[in-house]
Amino acid sequence: RSFLIHSSYTTDTKSREENKKTIESLYGLSVDIKKIRRLKEWVLLQDVAYVKEIAGILQEMGADETAVANILERCPEAILCTPEEINSQRALWQLVCQNEKQLIKLIEQFPESFFTTKYHQNQKANITFFQELGLKNNIITRFLTSAPNIFYNPVEKNKNVIETLQRSYLNLGGSEANMKIWILKLLSQNPFILLNTSTTIQENLEFLQKNDFTDHEVLQLLSKLKGFIFQLNSTTMQKSMLFSKNVFNCSDQELKELVLKCPALLYYSVPVLEERLEGLLKEGISVAQIRETPMVLELTTEIVQYRIKKLSALGYDVKSGNLESLNGTKKDFEVTYGKIQSKKERPIFNPVAPIHIED
C-alpha cells in the first residue's frame, strides 16, 4: 500500500531537499524524524503536507500526543492526505465502529489501512454491500483492518465472487436455508476469498470433483479448509496429493480418506509437507503413525518439537503410541497436557478411604 501511495509522488527524490516546514511541524508533535528518514524518507521531500491538520483531526477523535506521534511515525504518508480525505474516511469508518474511541484505537493499531484513501468510493460501496449481506459491523471492522485489500475491489467484483460461492454451494447439495450462514461463516474465517476470481473458484471445485470427491465431500472440505482452497490451483493440489500418495503408499480411495481427515494434505505445498514430515521422522515418529493421525502435519516442526518435549518431561512417549496428544490448537494441547499431568500426579491410593489397622 505504501508503494501505491508513493507512486502518486513520482519525483526525483535524490535532487530534492526535505520540506523544512514539514520537519518543524513533526518535531513540534514529538515525532521521531530519524525513524521516518530511515523507513519512508520520500514523505519528507514532498512540497505539500498537512501535518498540523491531520494531527488536529486525530486529536479531535481523542488521540493524545503520544498516540498522534506513534501514528505518524508508523504511517508518515498520512500527512500527505488532505483533511477532506481524512474526514471522509473518518465518516466512513464510523459507519461500522461503535464510537470514536474504538475508531482511534483501530487507527493506532492499523494506521496504513485507515490512511489508504485512494479507494474511498470502493470502500464505501463494499461496506454497504457487506452490511446488506448480513455481516455484523464488528466483522466488517476486522476486515477493514486485517484485510483492507478486499475493499479496494469494485463492489461488482466482490458480488460476483459471492454469487459464484452461493451457486457452487447449492450445486454441491447445500440447502437454500443454510446458504447464508455458510457464506457468512466462510467470509468471517477467510475474507481473502474475495481476492480470487470466479474462474479460480470454479476450477478448484472441478478439480476436486474430477478426483472423485463427492459433492458432499467437497462441501465438507470447503468448510474444513475455511475457504483456503480457493487460493490454490489444480497444479499445486495435484502435486501435494501425489506426494502424500507416495509417502503413505496408499490407494486413491485411501488417499481421499486421508485428505478428508486432514485437508492440509491438499492445502500445503510439497516443500512444506516434506519439511514437516522430516521433522516428525527425526523425532522417531514412524510414517505409519503419521498416516494414522495425519492432522499432525498441520503443525509446524517447531510446535511439534515443543509439544513432544513437554510430554516427554511427563514421561509420555509419543513414539510408542498414537499422535492424538500432539494435535489441535494451543488450547487443545494445553487441555490434553493437563489431563496427562493430573493422571501422572494422581496418588496411587485413595486418600479418603478408611484405614484398617489390625490390633
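The largest cavity in this structure has a volume of about 50 Å³. Before going further, note that this is a predicted model. Rolling a probe the size of a water molecule over the atoms shows where empty space is left.

Which residues line the largest cavity? They are F243, S244, V247, F248, L265, L273, L277 and L297. Two elements give two or more residues to this lining, namely α15 (234–248) and α18 (270–282). Helix α15 has the largest share, with four residues.

Stay with α15 for a moment. K239 lies in this helix. Is K239 buried or exposed? Its relative accessibility is 52%, and the cut-off for exposed is over 50%, so K239 counts as exposed. The C-alpha atoms of K239 and L266 are 27 residues apart along the chain, and 8.9 Å separates them.

L266 brings us to the core. The largest nonpolar core has 109 residues, and the members that touch the most others are L58, F115, L165 and L266. Helix α12, residues 176–189, gives the most to this core, with six residues. As background, nonpolar side chains in soluble globular proteins tend to be buried together.

Take L165 as an example. What does L165 touch, apart from neighbours within four places in sequence? Its contacts are W182, I183, L186, I193, I201 and F230.

Next, the aromatic rings. The whole structure holds nine aromatic pairs. A pair of aromatic rings is described by the distance of the centres and the angle of the planes. For F130 and F143, the centres are 6.1 Å apart and the planes stand at 80 degrees, so this pair is edge-to-face. F130 is in helix α9 (residues 120–133) and F143 is in helix α10 (residues 137–146), so the pair ties together parts that are 13 residues apart in sequence. F130 is buried, at 0% relative accessibility. F143 is buried as well, at 0% relative accessibility.

With a relative accessible area of 7%, L135 is buried. Leaving aside neighbours within four places in sequence, L135 is in contact with F130 and F143, and also with I140, L184, L187 and S188. For L135 and S188, the C-alpha atoms are separated by 8.3 Å, while the residues are 53 apart along the chain.

Helices α9 and α10 come up again with helix α6, residues 83–93. The buried residues of α6 are P83, I86, Q89, R90, L92 and W93. What do they pack against? The partners are α4 (51–60), α7 (100–109), α8 (111–114), α9 and α10.

Now for charges over rings. The charged end of K256 sits over the ring of F213, at 6.0 Å from the ring centre. F213 is in the loop between α13 (198–210) and α14 (215–224). Its relative accessibility is 3%, so F213 counts as buried. The C-alpha atoms of F213 and K256 are separated by 7.4 Å, and the two residues are 43 apart along the chain. Beyond its neighbours within four places in sequence, F213 has contacts that include L208, V218, L221, M241 and K256. A second case is K310, which lies over the face of Y337, at 4.2 Å from the ring centre.

Last, the backbone. Most residues other than glycine have a negative phi, and most peptide bonds are trans. Two residues here are worth a look on that point. The phi of S30 is near 60 degrees, a positive value in a residue other than glycine. S30 sits in the loop between α2 (20–28) and α3 (33–40). At 46% relative accessibility, S30 counts as partly exposed.

The other is N249, whose phi is positive too, near 50 degrees, and which is not a glycine either. N249 lies in the loop between α15 and α16 (252–261).

Note on methods
Residues are numbered from 1 along each chain as its sequence is written. This is a predicted model: local features need pLDDT of at least 70, side-chain atom pairs count only at pLDDT 80 or more; totals for chains, interfaces and linings use all residues. Side-chain values use heavy atoms; hydrogens and water are left out. A nonpolar core is a set of buried Ala, Val, Leu, Ile, Met, Phe, Trp, Tyr and Cys residues joined through side-chain atoms within 4.5 Å. Buried means under 20% relative accessible area, exposed over 50%, partly exposed in between (1.4 Å probe, protein chains only). Contact means heavy atoms within 4.5 Å. Rings of Phe, Tyr and Trp (its six-membered ring) pair if their centres lie within 6.5 Å; planes under 30 degrees apart count as stacked, over 60 as edge-to-face and the rest as tilted. A charge sits over a ring if NZ of Lys or CZ of Arg is within 6 Å of the ring centre and within 35 degrees of the ring normal. On a 1 Å grid over the protein atoms alone, a cavity is a set of points where a 1.4 Å probe fits but cannot get out, and a pocket is an open set with protein on both sides within 12 Å along at least five of seven lines; lining residues have an atom within 4 Å of a point. Grid points are joined across faces, edges and corners, and a volume is the space filled by probe spheres set on the points.
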